[in-house]
Amino acid sequence: MNKTIQELDVLLADFHVFYQNLRNYHWNVTGPQFFQLHEFFEKLYDGVSEHIDNLAERILTLGGKPTHTLKGYLAMATLKEDEETPEAMTMVDRVAETMKALNKRMLEIAEHAGEQGDPGTAMMLEDLVASYEKTLWMIRATRS
Ligand SMILES: [Fe+2]
């Protein structure tokens with residue numbers, strides 16, 4: 001299997017874990033910022049749901065077959081499911097850490113894809129990195 005396809009498949013698995021963690025935070029957040037954070041997490045998981053679809057369809061576009069089982073995702077993912085329901089700001093911090101890790105990974109994959117003559121994948125991932133960088137700025141503004 002092409003290296004980019006393999007890397008995108010692992011990324012797909014990680015986005016599924018991120019999605020489920022965001023659902024956890026959306027449902028279980030408590031405290032004075034409940035309304036804001038409840039909506040913030042919902043917006044993020046709606047975005048992740050789109051990214052998941054785009055990634056899977058990119059894998060198909062490149063001639064691969066995206067993994068489609070939860071069992072498969074959990075076996076491949078580098079991210080961990082958050083089994084806790086932490087305090088609100090810890091949830092925000094964990095989201096920020098996850099986005100940083102995903103951005104690092106996406107830039108590596110974009111670089112590999114670029115080297116392999118696949119600028120389409122590289123651009124798709126770089127756009128996503130830029131949008132997460134913006135969200136990370138918003139989180140930093142909330143935390144300062
Ligand atoms: Fe909801």
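Reader: In which helix is the place of Asp 9?

Author: Helices here are DSSP runs of H or I with at least four residues, strands are E runs of at least two, and both are numbered from the N terminus; Asp 9 has its place in helix α1. This is a predicted model, in which local features need pLDDT of at least 70 and side-chain atom pairs count only at pLDDT 80 or more, while totals for chains, interfaces and linings use all residues. Residues are numbered from 1 along each chain as its sequence is written.

Reader: Which residues is Asp 9 in contact with, leaving aside its neighbours within four places in sequence?

Author: Two residues are in contact if their C-beta atoms, placed from the backbone, lie within 7 Å. With those sequence neighbours left aside, Asp 9 is in contact with Ile 59, Pro 66, Thr 67 and Met 76, and Leu 8, treated in the same way, with Leu 55, Arg 58, Ile 59 and Ile 109. Asn 2 touches Leu 62 and Gly 64, not counting residues up to four places away in sequence.

Reader: How do α1 and α4 pack?

Author: For such a pair, axes are lines fitted to C-alpha atoms, for helices over the stretch in contact, and angles run from 0 to 180 degrees between N-to-C directions. The axes of α1 and α4 are 11 Å apart, and the angle is about 170°. That makes α1 roughly antiparallel to α4, since angles under 35 degrees count as roughly parallel, over 145 as roughly antiparallel, 65 to 115 as roughly perpendicular and the rest as oblique. Among the residues that meet are Leu 8, Leu 11 and Phe 18 in α1, and Leu 102, Met 106 and Ile 109 in α4.

Reader: Which residues touch the most other members of the largest nonpolar core?

Author: In soluble globular proteins, nonpolar side chains tend to be buried together. A nonpolar core is a set of buried Ala, Val, Leu, Ile, Met, Phe, Trp, Tyr and Cys residues joined through C-beta atoms within 7 Å. The largest one has 32 residues, and those touching the most other members are Leu 8, Leu 11, Phe 41, Met 106, Ile 109 and Leu 125. Two or more residues come from each of α1, α2, α4 and α5, with α1 giving the most, ten residues.

Reader: How many residues has helix α2, and what reach?

Author: The expected span of a helix is 1.5 Å times one less than its number of residues. Helix α2, residues 34–61, has 28 residues and reaches 40 Å from its first C-alpha to its last, close to the 40 Å expected. Its buried residues include Leu 37, Phe 40, Phe 41 and His 51, and what covers the buried residues of α2 includes α1, α4 and α5. After α2 comes Gly 63, whose phi is positive, near 95°.

Reader: How many helices and strands does the protein come to?

Author: The secondary structure comes to five helices and zero strands. Of the 144 residues of the protein, 31% count as buried.

Note on methods
Buried ≥ 20, exposed ≤ 12 C-beta atoms within 10 Å, placed from the backbone.
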